[in-house]
Amino acid sequence: MADHPNLTIMKRTLQAFQTGDVPTLGQLMAPDVVWRLPGKRVLSGDYRGQQAVFGLFGRLMELTGGTFKVESLDILANDRGGVLIDRLTAEREGRSLDIRVMLHLTIRDGLIVEGTDYFRPEHLWDAFWA
């Protein structure tokens, strides 16, 4: 049985993020994509457009000295988009991060139009970036 088209998009996006393949990310995300990052720290907020979203991804790598890693635990897709359940790990200024994130993606016409991260537990995410 073939993967749902949105599942294929999500898998390709995860792989492109993990390998730093910005051209592929550009093909998978709408030009006006919105990415929502919760919390109360330096990276929290809504990022609008590919340039802003890719800038966020770059800052994650920059601020962690390239140690920011995403390990996929589960991916679920439907006709509206899907959800990735991931484990995030990183090192920064003597601190370690090891948390779960649920990323909800909205996909329209074969492109990611919105991504919203939900961290568990969120206070550990905030403490890491303090």
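1. Start with proline 121, which sits in the loop between β6 (111-120) and α4 (122-129). The peptide bond joining arginine 120 and proline 121 is cis, with omega at about -10°. Bear in mind that this is a predicted model, so take a look at that bond yourself.

2. Glutamate 93 isn't a glycine, yet its phi is positive, about 45°. You'll find glutamate 93 in the loop between β4 (81-92) and β5. Its relative accessible area is 62%, so glutamate 93 is exposed, the cut-off being over 50%.

3. Aspartate 109 is another non-glycine with a positive phi, here about 50°. This one belongs to the loop between β5 and β6. With a relative accessible area of 82%, aspartate 109 counts as exposed too.

4. On to strand β5 (residues 95-108), which holds threonine 106. Is threonine 106 buried or exposed? Buried: its relative accessibility is 18%, and the limit is under 20%. Setting aside neighbours within four places in sequence, threonine 106 has contacts with Arg80, Gly81, Leu111, Ile112, Val113 and Glu114.

5. Finally, the core. The largest nonpolar core has 36 residues, and the members touching the most others are Met29, Trp35, Phe57 and Trp125. Phenylalanine 57 is worth a click: beyond its neighbours within four places in sequence, phenylalanine 57 is in contact with Phe17, Leu25, Met29 and Trp35.

Note on methods:
Residues are numbered from 1 along each chain as its sequence is written. This is a predicted model: local features need pLDDT of at least 70, side-chain atom pairs count only at pLDDT 80 or more; totals for chains, interfaces and linings use all residues. Side-chain values use heavy atoms; hydrogens and water are left out. Helices (H or I, at least four residues) and strands (E, at least two) are DSSP runs, numbered from the N terminus. Buried means under 20% relative accessible area, exposed over 50%, partly exposed in between (1.4 Å probe, protein chains only). Contact means heavy atoms within 4.5 Å. A nonpolar core is a set of buried Ala, Val, Leu, Ile, Met, Phe, Trp, Tyr and Cys residues joined through side-chain atoms within 4.5 Å.
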